[in-house]
Amino acid sequence: AAELARLIQQVKNVVITGHSGMDFDVLGAAMGCAEIVRHYDKQVQILVDHPGGRVDKLADYINERVPGLICTKDSLEIEIASQTLVLFVDVHRPQMFLQHSLLKRAGYIAIIDHHRRGEEFPERCNLSYIMPGASSTSELVAELVNYFPDVRFSPLTATALLTGVIVDTKRFTFSTSARTFRIAAQLIEAGADQRMIRELFTDSLEVMLYRAHILENVELVFQRFAVAAHDEPMDGARIAASRAADTLLEIDGVDASFAFYPTDEGAGVSARSAGDINVQRIMEKMGGGGHFSVAAAQLQGVTITNARSRLLEILEDVQEEGEQK
C-alpha cells in the first residue's frame, strides 16, 4: 500500500487496465484502484475493451454516473508518457494485456493480480502485488483500501468490487476464505447495491439455450473429467460456456469440467475444478491461465476439434500422473 501510494503521488496521471475480454473482476478491481487514485487528486481513466454481455451493462452504468472514467483506446484522454503510471489489474502475463504498447510508453508499471505467477512477466515493473491465495483481484483491492485510512469506497465502487468477488468465487462456492466473507461484508456496509448485482446475474434466453446445447454434448473422460462443446458462434458463447462448466461439476463423480465454444480467432474453453484438480495448470498448457479451481484459455487459429484433442492429451497425462501416485 505504501509503495502504491508513493507511485501515485509521484506521477501526473494513472491509466488502469486489465486483460483483453474485460470481466467483472477486472472492472471491480479497476474501480477500487481508481477510487484510491482520485484520493490523491490525480487524473485517472480505466482502459477497457467491450466484450459484451453483463459486464458491459455495469460499465455503461458506471459511465452514466462518472462520465469519462471508463474509456476505450479510441477515447483515452490521458497522454501516456514518462509521468504516467499504468496499473494492470487481474493480469500479469504480457500476452494477455489489453494494450501491449503501454509497457513501452508508460514511465511506471504496477501489477495487482490474484493468479499464480507464470513464467511470462513484464521486463519492467515498479510494483508487483500478486496473491494467488485471494479469491479475486477485487478482494485484494478491497482489502488494500484498509491501508489507506482516508479512502472510502463509494456505493458504486463497492457494487463493482462485490460483483467481482461474487463472480470469481462463483457466488462464494470457490476459492473463498474468512477474508473473502469479511471483505464482502465491508462492501455491503459501504453501500454495494445488491439488487443491481442480482439483475446483472440474469441470463438471456439465448445464453440459456446455448448452455443447454453445450451440456447436450458432454463426454465423461476417465469417468472424472466432463468435456463438452458447442461449435455454433454466438455473442454470449463465453458466458454460456462458463455457466455450462459450473453445471457440469454437479455430475456425480466429476472432478473437473471443460466447456468449449467458438471465438472469432479460434476456440475458447472454460474450466472448473471440484477441488482436487488444478485446472489452472491445465489451462496454462493450452496457453491460458486462471486460478486453481476456475480457469480458461483462448486458442487462436485452431478449431474446437483441435483444441479438444489437445485437452484430451493433457488429461491423459494428468490421469497417468494420478495413477502413479
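Okay, strand E2, residues 43-47: this one is mostly covered, with four of its five residues buried. Keep in mind that we're looking at a predicted model. E2 pairs with strand E1, residues 13-17, and the two run in the parallel sense over five bridges.

Now, charges. There are 14 salt bridges in the structure, and I'll walk you through a few.

Start with Arg-38 and Glu-35, where the closest N and O atoms are 3.5 Å apart. Both sit in helix H2, residues 24-39, and because they're three residues apart, about one helical turn separates them. So is Glu-35 buried or exposed? Glu-35 is buried, at 13% relative accessible area, while Arg-38 is partly exposed at 30%.

Helix H8, residues 194-200, has a pair four residues apart, again about one turn: Glu-199 and Arg-195. Their side chains meet in a salt bridge at 3.7 Å, N to O. Here Glu-199 comes out partly exposed at 39%, and Arg-195 counts as exposed at 58%.

Arg-65 is partly exposed at 43%, and Glu-64 is exposed at 59%.

Last stop, the surface. Glu-316, Asp-317, Glu-320 and Glu-321 gather there in a patch of negative charge. Glu-316 belongs to helix H12, residues 304-324, and at 39% relative accessibility Glu-316 is partly exposed.

Technical notes:
Residues numbered from 1 in each chain as written. Predicted model: local features only at pLDDT ≥ 70, side-chain atom pairs only at ≥ 80, totals over all residues. Heavy atoms only, no water. Patch = residues over 30% accessible without salt bridge, like charges linked within 9 Å, V, L, I, M, F, W, Y side chains within 5 Å. Areas by Shrake-Rupley, 256 points an atom, 1.4 Å probe, with all protein chains shown as cover. Salt bridge = Lys/Arg side-chain N within 4 Å of Asp/Glu carboxyl O. Lys, Arg positive; Asp, Glu negative; His and termini not counted. Charge placed at Lys NZ, Arg CZ, Asp CG, Glu CD. Buried < 20%, exposed > 50% of the residue type's maximum accessible area, 1.4 Å probe, protein only. Pairing = 2+ DSSP bridges.
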